[in-house]
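Please read the numbered points with the sequence and the model in view.

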Amino acid sequence: MKGLFVKSKPKTPPEVVCKTRTLLVSLLNNAPEFRGNKREEKMAELNKLIRELKTTLYGSSESEPVPEACKQLTSEFFKGDTLRLLIGCLPKLNLEARKDSTQVVANLQRQPVEAKLIAAIYLEDNLDLLDTLRSGYEDTTMALHYGGMLRECIRHQSIAKHVLESEHLRKFFDYMQLPSFEIAADATATFKELMTRHKSTVAAFLSKNCDWFFRDFNTKLLESNNYITRRQSIKLLADILLDRSNSAVMVNYVSSKENLKILMNLLRESSKSIQIDAFHVFKLFAANQNKPPDIVNILIANRNKLLRYFADFKTEKEDEQFEEDKAAVVKAIVQLELIVN
């Protein structure tokens with residue numbers, strides 16, 4: 001009788017991964033144990049296992065995560081196709097299990113095994129998964145989960161490079177304007193991560209794709225009918241162009257009269273936030289020491305309007321750097337006519 005009350009030995013992290021993987025295979029293939037009356041029981045078991053994975057990686061209110069356990073879990077997770085299975089089964093899971101799965105995938109991107117981020121190595125061999133995650137923005141029920149996973153995956157430079165060079169990158173310009181505010185904001189967060197995290201990769205990408213990228217950026221984002229899209233996009237543009245890694249791209253951008261016209265229109269927006277961010281890009285046009293004739297002509301033609309505009313242009317809070325930048329812009333505009341004359 002004594003043996004009946006012996007507690008079962010807790011599963012090791014690799015055993016939890018193996019059992020999770022087995023159930024994911026069965027769920028994906030709609031195996032008999034996931035049909036009829038058995039389905040609810042098996043789904044509950046799978047949900048519990050995914051929660052165990054999360055607890056191992058993040059710890060609990062009572063204990064911190066154990067590095068060795070995390071290492072074992074991560075190693076076993078990427079030995080098999082557990083990530084592919086989890087991504088494929090995500091739509092079949094309930095909301096809480098989806099959230100737990102997203103957190104598990106996020107954490108695994110940062111777990112070293114023998115000083116290597118094996119998540120990146122796995123993803124490099126399974127690049128098609130990134131298209132699956134990216135296309136999740138087209139499914140309102142899955143967008144935030146897949147988007148969160150994708151954002152964590154592009155923490156790896158090689159993975160970000162693949163997404164940047166993908167033919168589907170252009171679709172982000174549409175995702176950022178989706179009717180759902182939450183999904184559009186999530187897509188914007190992912191796009192910003194792509195364009196700002198890995199500076200050398202972004203600079204190389206923009207140097208090769210400058211023309212089409214900024215043409216689409218201007219027409220689809222900066223000239224969007226959606227206020228939120230315009231506001232977030234002009235701020236992102238400022239972040240991109242003001243980054244020293246993108247200095248060559250910045251010079252190219254501020255040499256275009258079409259870009260200048262768009263920025264001058266944004267300066268006229270009723271939103272002070274958009275005006276301020278537009279100013280931080282406009283000042284680059286003014287500061288350019290080698291302005292093309294087209295740029296010079298536009299600035300001179302609008303000289304008086306610009307000077308009147310900047311005379312009343314202020315931030316809500318006192319900002320010395322802003323005032324210095326504004327003074328430099330005004331000086332550059334005044335000097336243009338002197339140089340021409």
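**Notes on helices and charged pairs**

1. In this predicted model, helix H12 (residues 199-222) comprises 24 residues, yet its end C-alpha atoms are only 22 Å apart. A straight helix would reach 34 Å at 1.5 Å a residue, and H12 falls short of that span. At Asn209, H12 bends by about 90°.

2. Helix H3 (residues 67-79) packs against helix H4 (residues 82-89) at an angle of about 75°, and their axes lie 6 Å apart. Angles of 65 to 115 degrees count as roughly perpendicular, and H3 and H4 are therefore roughly perpendicular to each other. On the H3 side, the contact is made by Glu76, Phe77 and Phe78, and on the H4 side by Thr82, Leu83 and Leu86. Sorted by class, the contact of H3 with H4 has four nonpolar residues, one polar and one charged.

3. Side chains of opposite charge can pair when their charged atoms come close. Across the whole structure, a search finds 22 salt bridges. One of them joins Glu45 to Lys42, with the closest N and O atoms 3.3 Å apart. Both residues, Glu45 and Lys42, belong to helix H2 (residues 38-58), where they are three residues apart, about one turn of the helix.

Definitions and conventions
Residues are numbered from 1 along each chain as its sequence is written. This is a predicted model: local features need pLDDT of at least 70, side-chain atom pairs count only at pLDDT 80 or more; totals for chains, interfaces and linings use all residues. Side-chain values use heavy atoms; hydrogens and water are left out. Helices (H or I, at least four residues) and strands (E, at least two) are DSSP runs, numbered from the N terminus. The expected span of a helix is 1.5 Å times one less than its number of residues. The bend at a residue is the angle between axes fitted to the seven residues ending there and the seven starting there. Axes are lines fitted to C-alpha atoms, for helices over the stretch in contact, and angles run from 0 to 180 degrees between N-to-C directions. Angles under 35 degrees count as roughly parallel, over 145 as roughly antiparallel, 65 to 115 as roughly perpendicular and the rest as oblique. Contact means heavy atoms within 4.5 Å. Ala, Val, Leu, Ile, Met, Phe, Trp, Tyr, Cys and Pro count as nonpolar, Asp, Glu, Lys and Arg as charged, and the others, Gly among them, as polar. A salt bridge is a side-chain nitrogen of Lys or Arg within 4 Å of a carboxyl oxygen of Asp or Glu.
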